[in-house]
Each structure stands twice: as C-alpha cells, then as structure tokens.
Amino acid sequence: MAGHAMVVKCNVESCMYNIKKMCHADELEVNPMDDSIPESSDETCCTTFRMHD
Ligand code: SF4
C-alpha cells in the first residue's frame, strides 16, 4: 500500500510487534471494544496485538 508510514508509539510490551515501546507491525488495526460507538480511547483497542511467544 502506498502512502505514509505512521510512527506508532506503544507501551504494550507483551505484544510481539513491540520493540522498545514502538510498534513494528506492517499494518495496524484498531477497533471498538464492543458493538458500541466509542466515545473515548478506553473504548477502543488494537486488534493487531499478538502475545509474545
Ligand atoms: S500491534 Fe498494537 S499492541 Fe502491538 S505493538 Fe503495535 S500498537 Fe502496540
């Protein structure tokens, strides 16, 4: 995909894509926590997260 590469800071160090508090996933997907419409960051989550082996 063309376009800019966003720098993503992330403190979820248990994720396999996290290196020194930066995200190194090729693509990032963020979704609502449930079927509601989020009204704060607490109601969103990174679904690209994968637990370290
Ligand atoms: S995939 Fe999500 S949880 Fe994992 S490092 Fe990237 S932003 Fe953080």
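K21 counts as partly exposed, at 41% relative accessibility. Here buried means under 20% relative accessible area, exposed over 50%, and partly exposed in between, with a 1.4 Å probe and protein chains only. This is a predicted model, in which local features need pLDDT of at least 70, side-chain atom pairs count only at pLDDT 80 or more, and totals for chains, interfaces and linings use all residues. Residues are numbered from 1 along each chain as its sequence is written, and side-chain values use heavy atoms, with hydrogens and water left out.

K21 lies in the loop between β1 and β2. Its phi is near 65 degrees, a positive value in a residue other than glycine. K20 is placed in that loop too, between β1 (18-19) and β2 (22-23). Phi of K20 is near 50 degrees, again positive in a non-glycine residue. Most residues other than glycine have a negative phi. K20 is exposed, with a relative accessible area of 76%.

**Fold and extent**

The protein chain has zero helices and four strands. Along the sequence the pattern reads β-β-β-β. Helices (H or I, at least four residues) and strands (E, at least two) are DSSP runs, numbered from the N terminus. The C-alpha atoms fill a box of roughly 30 × 30 × 15 Å, taken along the principal axes. Of the 53 residues, 9% count as buried.

**Before β1**

V8 belongs to the segment before β1. V8 is buried because its relative accessible area is 18%. A5 counts as exposed, at 73% relative accessibility. Its C-alpha atom is 19 Å from that of T47, 42 residues apart along the chain.

**Accessibility by residue**

| Residue | Relative accessible area | Class |
|---|---|---|
| V8 | 18% | buried |
| C23 | 23% | partly exposed |
| C46 | 37% | partly exposed |
| K20 | 76% | exposed |

**Ligand and pocket**

The ligand sits in the second largest pocket. To sit there, more than half of its atoms must lie within 2 Å of the grid points. The grid has 1 Å spacing over the protein atoms alone; a pocket is an open set of points where a 1.4 Å probe fits, with protein on both sides within 12 Å along at least five of seven lines, and lining residues have an atom within 4 Å of a point. The pocket volume is about 210 Å³. Of the 13 lining residues, the closest to the centre are C10, V12, C23, L28 and C46. The lining divides into 10 nonpolar, two polar and one charged. Ala, Val, Leu, Ile, Met, Phe, Trp, Tyr, Cys and Pro count as nonpolar, Asp, Glu, Lys and Arg as charged, and the others, Gly among them, as polar.

Around the ligand stand C10, V12, C15, Y17, N18, C23, L28, C46, T48 and F49. Each has a heavy atom within 4 Å of the ligand. This shell holds eight nonpolar residues, two polar and no charged.

**Cysteines**

A search of the whole structure finds zero disulfides. The test is a pair of cysteine sulfur atoms within 2.5 Å. Cysteines in the ligand shell include C10, C15, C23 and C46.

Conventions
Points joined across faces, edges and corners; volume = space filled by probe spheres on them.
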